[in-house]
Amino acid sequence: MRLTTADARGDVVVLLIGMRINRFWAVHHWLPVMLAMFRMLAELKRDPGRGLLSRVLLTASPRTYYLVQYWESKEKLYAYASAADAFHRVVWARVNRMDRGGRVRGHVGIWHEAYVVPEGSYEAIYGDMPAFGLADAHAQVPLEARGRYAKDRFAHRSKGEKAA
């Protein structure tokens with residue numbers, strides 16, 4: 001088995017973002033949410049300078065879909081979320097107008113969680129896998145480059161410092 005690990009250096013910024021279909025029959029409510037997410041992803045792919053490094057689309061159930069996103073920095077994540085020229089801002093303005101107007105009826109749920117994971121607090125291993133997740137975002141290296149054991153990969157420092 002070919003074992004590899006992610007070549008992430010420094011802090012890692014992870015955004016989990018998703019939707020839950022609360023009422024399947026309310027397609028006119030949840031389909032626009034799903035399509036808006038795909039449009040934002042296309043926008044981010046066209047402009048890599050915004051900071052999205054990689055993403056993985058997952059499903060937790062027939063009702064729940066989410067993305068694991070890896071960002072260059074929390075500053076770039078914040079900048080995209082609030083950029084006047086980004087589709088995200090258009091979507092949030094629409095959601096806020098609907099909420100103020102009492103037109104959000106609970107047909108679709110939306111959520112996100114953002115994490116800044118300090119170096120030394122993450123590790124990864126992939127067996128016979130193409131670059132995926134963290135390795136897709138930051139590059140993939142042979143396992144030996146970071147250590148054969150999880151404790152060694154956690155102890156790895158990109159600037160050559162030793163873990164305490």
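How many of the eight residues of strand 4 are buried? Six are, so strand 4 (residues 64-71) is largely enclosed by the rest of the structure. Here, buried means under 20% relative accessible area, exposed means over 50%, and partly exposed lies in between, with a 1.4 Å probe and protein chains only.

Before the views, a word on the model. It is a predicted one, where local features need pLDDT of at least 70 and side-chain atom pairs count only at pLDDT 80 or more, while totals for chains, interfaces and linings use all residues. Residues are numbered from 1 along each chain as its sequence is written, and side-chain values use heavy atoms, with hydrogens and water left out.

**View 1. The whole chain, for orientation.** Five helices and seven strands make up the fold, and reading along the sequence gives β-β-α-β-β-α-α-β-β-α-β-α. Helices (H or I, at least four residues) and strands (E, at least two) are DSSP runs, numbered from the N terminus. Along the principal axes, the C-alpha atoms fill a box of roughly 55 × 35 × 30 Å. Of the 164 residues in the chain, 37% are buried.

**View 2. Strand 4 and its partners.** Let us return to the strand we opened with. Strand 2 (residues 12-21) runs antiparallel to strand 4, and eight bridges join the two; two strands pair if DSSP finds at least two bridges between them. Within this pairing, Val-14 stands opposite Tyr-70. Strand 3 (residues 52-59) is also an antiparallel partner of strand 4, over seven bridges, with Thr-59 facing Tyr-65 as its bridge partner. Four residues separate strand 3 from strand 4 in the hairpin that they form. Look too for Tyr-66 in strand 4, which is partly exposed at a relative accessible area of 22%.

View 3. Two bridges link strand 1 (residues 3-6) to strand 6 in the antiparallel sense, and here Thr-4 is opposite Tyr-126.

**View 4. Two loop residues with positive phi.** Asp-128 is not a glycine, yet its phi is positive at about 50 degrees. You will find Asp-128 in the loop between strand 6 and helix 4 (134-138). In the loop between helix 4 and strand 7 sits Ala-139, also a residue other than glycine, with a positive phi near 110 degrees. Ala-139 counts as partly exposed, at 34% relative accessibility.

**View 5. A positive surface patch built from arginines.** Its members are Arg-39, Arg-46, Arg-94, Arg-97, Arg-100, Arg-103 and Arg-105. Patches take residues with over 30% relative accessible area and no salt bridge, joining like charges within 9 Å and nonpolar side chains (Val, Leu, Ile, Met, Phe, Trp, Tyr) within 5 Å. A salt bridge is a side-chain nitrogen of Lys or Arg within 4 Å of a carboxyl oxygen of Asp or Glu. Helix 1 (27-46) and helix 3 (87-100) each contribute at least two residues to the patch. Helix 3 gives the largest share, three residues, while Arg-39 has its place in helix 1.

Methods
Areas by Shrake-Rupley, 256 points an atom, 1.4 Å probe, with all protein chains shown as cover. Lys, Arg positive; Asp, Glu negative; His and termini not counted. Charge placed at Lys NZ, Arg CZ, Asp CG, Glu CD.
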